[in-house]
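Me: I have a structure to go through before our discussion. Could you take me through its main features?

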Amino acid sequence: MIKVSDNAAKQVMISLEQMGADVLPLRIAIKVQEDGSFHYNMGFDDNKHEGDKSFVEKDIGFVVDAATMPLIGGMTMDYVEIDGKHEIVFLNPNDPHFKPPTE
C-alpha cells in the first residue's frame, strides 16, 4: 500500500504511547484541491466506515477511505526535519504537483 520510513514508524509509535493508547489505527485521507494538488489529513481513528480499507505496515494499522485508496499507491510516509521543525510528510508520486526530494 504505502511505504513507511523507520523514522515515521517510530514517531507514530511515540504518539500512540503519549496518548496512552495501545493500538489505534492511523487514518489517512487525501482531499484533491481545485488545482489538483493533494491535501493530507491523518489522525488516530478506531471508527470504521463503510468502504474503509485496512492494512498494516511496520506494525502500524492504517485505515483509508475508498476515495483515498487509489491515491496512495507508491506513496511514502516519512518523518523529517524542515526548517528546524520535525513533521510527518507524504511523498506521493500520484500528486500532480509532486516533486521528488533532491537530497
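The conversation below covers the fold, the aromatic pairs and several individual residues.

Me: What kind of model is this?

Reply: This is a predicted model.

Me: How many helices and strands does the protein chain have?

Reply: The protein chain has one helix and seven strands. Read from the N terminus, the order of elements is β-α-β-β-β-β-β-β.

Me: How does the radius of gyration of the protein chain sit against that of a compact globule?

Reply: The two agree, because a compact globule of 103 residues would have a radius of gyration near 13 Å and the protein chain has 14 Å. The C-alpha trace spans about 35 × 35 × 20 Å along its principal axes.

Me: And what share of the residues is buried?

Reply: Of the 103 residues in the protein chain, 38% are buried. The accessible surface comes to about 6,800 Å², and carbon and sulfur atoms account for 49% of that surface.

Me: Let us turn to the aromatics. How many aromatic pairs does the structure hold?

Reply: The structure holds three aromatic pairs. One of them joins Phe38 and Tyr40, whose ring centres are 6.4 Å apart; their planes stand at 70°, over the 60 degrees needed, so the pair is edge-to-face.

Me: Are Phe38 and Tyr40 buried or exposed?

Reply: Phe38 and Tyr40 are both buried. Ring pairs also link these two residues with Phe90 into a cluster.

Me: How are the rings of Phe55 and Phe62 arranged?

Reply: That pair is stacked, because the planes of Phe55 and Phe62 are at 10° and the ring centres lie 5.2 Å apart. The cut-off for a stacked pair is under 30 degrees between planes.

Me: Where do those two stand on burial?

Reply: Phe55 has 12% relative accessibility and therefore counts as buried. Phe62 also counts as buried, at 1% relative accessibility.

Me: Is Met1 buried or exposed?

Reply: Met1 counts as exposed, because its relative accessibility is 55% and the cut-off for exposed is over 50%.

Me: Now the helix. Where is Leu16 found?

Reply: Leu16 is part of helix H1, which covers residues 6-19. With a relative accessible area of 7%, Leu16 is buried.

Me: And its contacts?

Reply: Setting aside neighbours within four places in sequence, Leu16 is in contact with Ala21, Asp22, Leu24 and Phe44. Gly73 is 57 residues from Leu16 in sequence, and their C-alpha atoms are 25 Å apart in space.

Me: Changing topic, which loop holds Lys58?

Reply: Lys58 lies in the loop between strand E4 (53-57) and strand E5 (60-64). Asp59 is found in that loop between E4 and E5 as well.

Me: What is the phi of each?

Reply: Phi is near 50° for Lys58 and near 65° for Asp59. Each of these is a positive value in a residue other than glycine. Most residues other than glycine have a negative phi.

Me: How accessible are they?

Reply: Lys58 counts as partly exposed, at 36% relative accessibility. Asp59 is exposed, with a relative accessible area of 72%.

Me: One last residue. Where is the place of His97?

Reply: His97 is in the segment after strand E7 (85-91). At 44% relative accessibility, His97 counts as partly exposed.

Me: Which residues is His97 in contact with, apart from neighbours within four places in sequence?

Reply: Those contacts are with Asp35, Gly36 and Ser37. His97 and Gly36 are 61 residues apart in sequence, and their C-alpha atoms are 7.7 Å apart in space.

Methods. Residues numbered from 1 in each chain as written. Predicted model: local features only at pLDDT ≥ 70, side-chain atom pairs only at ≥ 80, totals over all residues. Heavy atoms only, no water. Phe/Tyr/Trp six-rings, centres within 6.5 Å; stacked < 30°, edge-to-face > 60°. Buried < 20%, exposed > 50% of the residue type's maximum accessible area, 1.4 Å probe, protein only. Helix = DSSP H or I, 4+ residues; strand = E, 2+ residues; numbered from the N terminus. Rg over C-alpha atoms; globule rule 2.2 N^0.38 Å. Areas by Shrake-Rupley, 256 points an atom, 1.4 Å probe, with all protein chains shown as cover. Contact = heavy atoms within 4.5 Å.
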